[in-house]
2 protein chains.
Amino acid sequence: MKRPTIRDVAVVAGVSSGTVSRVLNGKNWVSPEARVAVEAAIRSTGYRVNPHARNLAMSKSNSVAFLLTETQQVLFEDPNFAALVRGTTQALADRDVSSVLIMAGDAAEQARAMSYISAGHVDGVLLAFTSSGGNPLVRRLLDAQVPIVSCGMPVGGFEGRIGSVSADDAHGAVSVVQYLVAQGRRRIATIAGPPDTPGGIARLEGYRRVLASRFDPALVVEGDYTVAGGAAALRTLLAREPAIDAVFAANDAMAVGAIEALQAAGRQVPTDVAVAGFDDNDFATRSTPELTTVRQPFPRISSEMVRVLMELIGGEEPSAITLPTSLVVRGSA
Amino acid sequence: MKRPTIRDVAVVAGVSSGTVSRVLNGKNWVSPEARVAVEAAIRSTGYRVNPHARNLAMSKSNSVAFLLTETQQVLFEDPNFAALVRGTTQALADRDVSSVLIMAGDAAEQARAMSYISAGHVDGVLLAFTSSGGNPLVRRLLDAQVPIVSCGMPVGGFEGRIGSVSADDAHGAVSVVQYLVAQGRRRIATIAGPPDTPGGIARLEGYRRVLASRFDPALVVEGDYTVAGGAAALRTLLAREPAIDAVFAANDAMAVGAIEALQAAGRQVPTDVAVAGFDDNDFATRSTPELTTVRQPFPRISSEMVRVLMELIGGEEPSAITLPTSLVVRGSA
DNA sequence: CTGAAAGCGCTTACAG
DNA sequence: CTGAAAGCGCTTACAG
């Protein structure tokens, strides 16, 4: 009737509940015989540890939050988020820790998130650092000593206080722009990301580094990481400089928008204008032609985020990890 | 240094910890003076209740799972899921209960989900009933007495054992097919959903009911709810019966695929062939022309799911709720 | 290696 | 209306 407790297991196994707890927690101060007896008793009673009791006794929650500081809309439209949520959930599950998705898009939600997290529901938080929108919350979380690791280099002055793991944005941009140059492109424009995002900064810098003295501010337009934003940016670019023959967009969504706008303007991609993106997410293979882009290693980013967070929770110092990207050549450039 | 407990609040307020607990839980057996003193003490100490202690004492978790039995890929591509996850998370947060997203696509994940849930991490489960893929898990959950409510009528023989809330699929289909008839369409085909899904069954039935004696099996093709599947189904339809002048797709994604395939085949939408969908999700406004479709009231579905689940958790019987749909006329039909 | 016991921080009959 | 106390189910020094 009632769910079995550690005590029930103990009587069946003929030991004390302390011993049951020890085998449960993999301590090795237990004799082989006792261990065998306890394991059998666990099976025969159908015992499962009560997480609330364990959490109370150990004062930890065995759970972390994945915090979304963007508007909720964005989340489910952004394949990067999806990959990260999927990847980290998996990596966490492998360690038997659960994860809660927390949406904290507006101030009210952020307040709620803050009280939820600081109440001790989670041991740490995973963050996708896309803009500065979540900064106030991050600051408060930090003040409350909550372990945090972000995907993407922190941009709000949090360097060294939170863990981070990011793709090598600058180098990824360098490699793709070099590729465009090698293909003989002469007027290479870029659609940059928002300047308050790590990708918005570093990818532009990579572009600029390759072009060096040939860098022309007129060929830089800022986008908002959306398909529509990419299309709009492209039109601006075309108005400024009709002779562009290549565009490097700071993410795949904008690259898709650029392709659509280009085609609407009667330009062939890649014949007239080559287009390259960044991310290699679902957008990359949904456009015609498919995108030449820079791949972010999301599975590895996810597992590293989890590893670093666990270290932080364990009391270690925050580390900042950068992972290599790779160039994926498809039809668009 | 150490986080304040109920006891700290009690000494500051000059009462016993039992009284603090009573004001915390909104019991009214507490004098106004005591209440005021406690509330002040809570503020001055910065007290927050420890959820693990509370959960242990009350033996409940104040948390529910949103279970995804589809492959993980599907989730983040499906705007219906996104709307449901968003809506239920919100409704749950309003009641101060948290939610965990659990992906249980393959057998290994289902086993893990089972043990997570039956360990008592959550008080109940929210489910999006899209196919029969999750049936074995649902069955085991039911055996373990876990309260469940699904979106969509249960199809695996779970009627009456789990709560459910769904849009009125049959009536929604009736209204849109009647609309097509009223527009003067004569050869109305349908791309049905998979026959092991509630929508796959009821929407087809609504279509059939309107056509009655004019129903022609040759005009029915089964799709898989994806854009590509919709396009493929449309091509099959066109091969069978080039004279179709309208298509009712069982969801928006397939409707978009149908439009694309139609256009690729040189047919104008809606002039040559009218196309209607079902859902009114993001797909509906991303196609050209935009979709005429049946709106599912996702916000209401979400909040009803939560309400019914809370009832179930509270010991009441499972209820099955059907919510009305509405026809949304845009450019495609 | 193992048991008895204290403690984690709450809730809730039970008296009063 | 309120306090003292038991209980929720674990973990973990502390002895032995």
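## A partly exposed arginine

A:Arg187 counts as partly exposed, at 27% relative accessibility (partly exposed lies between buried, under 20% relative accessible area, and exposed, over 50%, using a 1.4 Å probe and protein chains only). This is a predicted model, where local features need pLDDT of at least 70, side-chain atom pairs count only at pLDDT 80 or more, and totals for chains, interfaces and linings use all residues. Residues are numbered from 1 along each chain as its sequence is written, chains are lettered from A and ligands numbered from 1 in the order in which they are written, and side-chain values use heavy atoms, leaving out hydrogens and water.

## Its partner in chain A

A:Arg187 forms a salt bridge with A:Asp216, with 3.4 Å between the closest N and O atoms (a salt bridge is a side-chain nitrogen of Lys or Arg within 4 Å of a carboxyl oxygen of Asp or Glu). A:Arg187 sits in the loop between helix H9 (169-182) and strand E6 (188-192), and A:Asp216 in the loop between helix H10 (198-211) and strand E7 (220-222), so the pair ties together parts 29 residues apart in sequence. Helices (H or I, at least four residues) and strands (E, at least two) are DSSP runs, numbered from the N terminus.

## Over in chain B

B:Asp169 and B:Arg203 meet in a salt bridge at 2.9 Å, N to O. B:Asp169 belongs to helix H9 and B:Arg203 to helix H10 of chain B, so this pair joins parts 34 residues apart in sequence. Both B:Asp169 and B:Arg203 are buried.

## The wider picture

Over all chains, the structure holds 22 salt bridges. A:Asp280, A:Glu290, A:Arg295 and A:Arg330 are linked in a salt-bridge network.
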